[in-house]
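The sequence and structure come next.

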Amino acid sequence: ANLPVGWYRFRDETDSKTLKIPLTSCIEQNRCGTLGPAFISESSGPNPRPRDGTVSRKACINVLGRCCQAHVNVCLRNCGTSGMVYYLSQTPGCPMAYCTDSQIAACGVHQTRDR
């Protein structure tokens, strides 16, 4: 809940590959190094194409096993070869965090994966 509101681009630390927040219907609890993983709801629309400009989507948060018990609105922009950027706001509480497509493997509640 301490994330400053603003634009973010995610990169893998090992190879600088651009990462995305997953577009899906649900991510189980205890994924992405957090109890409440946040992901882009596929029902809110597809990832934008570069020509689409900035689009608004719903980021769902799995709380107590309910896939969209909480949510926040986020903006996405496809910058072509530079990857996707996200305008993110704080999650409603802790422990909740945004996932990236490299972090979906299971972790314990207080354990994170280095990426």
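## Salt bridges

A salt bridge here is a side-chain nitrogen of Lys or Arg within 4 Å of a carboxyl oxygen of Asp or Glu. The model is a predicted one, and it holds 2 salt bridges.

Glutamate 28 has a relative accessible area of 52%, so it is exposed. The other bridge joins aspartate 52 and arginine 49, at 3.1 Å from N to O. Aspartate 52 is partly exposed, at 31% relative accessible area, and arginine 49 is also partly exposed, at 43% relative accessibility.

## Nonpolar cores

The largest nonpolar core has 17 residues, and the members that touch the most others are Ile21, Val74, Leu76, Tyr86, Leu88 and Tyr98. Two or more residues each come from strand 5 (36-41), strand 6 (54-63), strand 7 (66-78), strand 8 (84-88) and strand 9 (96-98). Strand 7 gives the most, with 4 residues.

Which residues does isoleucine 21 contact, leaving aside its neighbours within four places in sequence? They are Phe10, Ala38, Phe39, Ile40, Tyr86, Leu88, Tyr98, Cys99 and Thr100.

## Aromatic pairs

The count of aromatic pairs comes to 2. In one, the rings of tryptophan 7 and tyrosine 87 have centres 5.3 Å apart and planes at 65°. Planes over 60 degrees apart count as edge-to-face, so this pair is edge-to-face. Tryptophan 7 is in strand 1 (residues 6-8) and tyrosine 87 in strand 8, and the pair links parts of the chain that are 80 residues apart. Tryptophan 7 is partly exposed, at 45% relative accessibility; tyrosine 87 is partly exposed too, at 34%.

The other pair is phenylalanine 10 with tyrosine 86, whose ring centres are 5.9 Å apart; the planes meet at 50°, so the pair is tilted. Phenylalanine 10 lies in strand 2 (residues 10-11) and tyrosine 86 in strand 8, so parts 76 residues apart in sequence are tied together.

## Backbone geometry

Most residues other than glycine have a negative phi, and most peptide bonds are trans. Where does a cis peptide bond occur in this model? A cis bond joins cysteine 94 and proline 95, with omega about 0°. Proline 95 is in the loop between strand 8 and strand 9.

Cysteine 32, which is not a glycine, has a positive phi of about 65°. This cysteine 32 sits in the loop between strand 4 (23-24) and strand 5. At 10% relative accessibility, cysteine 32 counts as buried. Leucine 64, also a residue other than glycine, has a positive phi near 55°. The loop that holds leucine 64 is the one between strand 6 and strand 7. With a relative accessible area of 72%, leucine 64 is exposed.

How values were computed
Residues are numbered from 1 along each chain as its sequence is written. This is a predicted model: local features need pLDDT of at least 70, side-chain atom pairs count only at pLDDT 80 or more; totals for chains, interfaces and linings use all residues. Side-chain values use heavy atoms; hydrogens and water are left out. A nonpolar core is a set of buried Ala, Val, Leu, Ile, Met, Phe, Trp, Tyr and Cys residues joined through side-chain atoms within 4.5 Å. Buried means under 20% relative accessible area, exposed over 50%, partly exposed in between (1.4 Å probe, protein chains only). Contact means heavy atoms within 4.5 Å. Rings of Phe, Tyr and Trp (its six-membered ring) pair if their centres lie within 6.5 Å; planes under 30 degrees apart count as stacked, over 60 as edge-to-face and the rest as tilted.
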